[in-house]
Amino acid sequence: MKKEYLDRIAEHGQLIVVSGPSGAGKQTVIQKYLKEHPRACTCVSATTREPRPGETDGKEHYFVSLIEFERMIRTGKMLEYSYIDKAGYGTPKEAVDEARAKGKNVILDLDAVGAMRVRTICPDATLVFILPPSWEELEKRLTKSGRYDEEKIAQLLDMAEEEIACANLYDYIIINEDVDKAVSRFAQIVHGHRYSRNSMQGFLDSYIKGEIKERNKEVAGALNS
């Protein structure tokens, strides 16, 4: 007879935070992983900036007022947040909690500050840092992208130096030299962590209730008979 608690093995989705400097390829790794694993998802962020042409509320972002954004921060409804060019950006905690409750692994692309905020609120989050194979390769990727002028590239490299200095605060580090290999390593981390103590807490509680406590009742009954 199948035990009911076996249905609860790792039923709660994980929260995976991915960081890395611009040019490390973290978005490429995340998108390729999501394509290969449809049970995983990202969460739509909230922002105070105005929608750009073609953007839809609830798809690219949740577009909220500055008053509403700051109210969400004060009331603990924002998992993490930051201000960029005077606009607020943040991850609504409710959306992450709902996805995880459905057993979905939630992947967030955040900077180091955001990652540390998430760890404070969700100690069971897994933090992954993605690095380029070399500084030379990072410069090459930023230049070849064609998205940045020399001044912006210099700025991104300065930021990269600060971000990489925080890599030792993460649980795992992936060197993205080959995208397919990086995605494979990322998948190993996510799926291996599925059976960690935190992910298995619901199962363990049910196991103790269904096995240990029932056994103690049987022993007590036998002693009293």
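This is a predicted model: local features need pLDDT of at least 70, side-chain atom pairs count only at pLDDT 80 or more; totals for chains, interfaces and linings use all residues.
## Overall make-up

The chain has 225 residues, and 38% of them count as buried. Its secondary structure comes to eight helices and nine strands. Taking contacts between residues at least 6 apart in sequence, 68% join residues at least 24 apart.

## The five-stranded sheet

Five strands form an open sheet in the order β2-β7-β1-β8-β9, and their pairing is parallel. The edges are held by β2 (40-41) and β9; each has a single partner strand, so one side of each is left without a neighbour in the sheet. Strands of a sheet pair through backbone hydrogen bonds, and the pairing can be parallel or antiparallel.

One of the residues involved is Phe 129, whose bridge partner in β9 is Ile 173.

Helix α1 lies across β1, β2, β7 and β8, and runs at about 160 degrees to β7. Helix α7 lies across β1, β7, β8 and β9, and its direction is at about 160 degrees to β9.

## Helix α7

Helix α7 covers residues 179-193, which makes 15 residues. From its first C-alpha to its last it reaches 21 Å, close to the 21 Å expected at 1.5 Å a residue. The N-terminal end of α7 is capped by Asp 178, which has a side-chain oxygen 3.2 Å from the backbone nitrogen of Asp 180.

Which residues of α7 are buried? They are Ala 182, Val 183, Phe 186, Ala 187, Ile 189, Val 190 and His 193. Seen down the helix axis, these buried residues fall within an arc of 160 degrees, so they line one face of α7. Lys 181 and Gln 188, on the other side of α7, are exposed.

The cover over the buried residues of α7 includes the strands β1 (15-19), β7 (105-109), β8 (126-131) and β9 (172-175). Helix α1 (26-36) is also part of that cover.

## Strand β6 and its partners

Strand β6 (87-92) is mostly covered, with five of its six residues buried. β6 pairs with β3 (residues 45-47) in the antiparallel sense over two bridges. In one of the pairs between them, Ala 46 has Gly 90 of β6 as its bridge partner.

β6 also pairs with β5, again in the antiparallel sense, over six bridges. Here Met 78 has Pro 92 of β6 as its bridge partner.

## The turn between β5 and β6

The hairpin of β5 and β6 has two residues between the strands. Asp 85 is in the loop between β5 (78-84) and β6, and Lys 86 lies in that loop as well.

Most residues other than glycine have a negative phi.

Definitions and conventions:
Residues are numbered from 1 along each chain as its sequence is written. Side-chain values use heavy atoms; hydrogens and water are left out. Helices (H or I, at least four residues) and strands (E, at least two) are DSSP runs, numbered from the N terminus. The expected span of a helix is 1.5 Å times one less than its number of residues. Buried means under 20% relative accessible area, exposed over 50%, partly exposed in between (1.4 Å probe, protein chains only). The arc is that of the directions from the helix axis to the C-beta atoms. Contact means heavy atoms within 4.5 Å. A polar contact is a pair of N or O atoms within 3.5 Å; within protein, one must be able to donate a hydrogen and the other to accept it, and residues adjacent in sequence count only if both atoms are side-chain atoms. Two strands pair if DSSP finds at least two bridges between them. Axes are lines fitted to C-alpha atoms, for helices over the stretch in contact, and angles run from 0 to 180 degrees between N-to-C directions.
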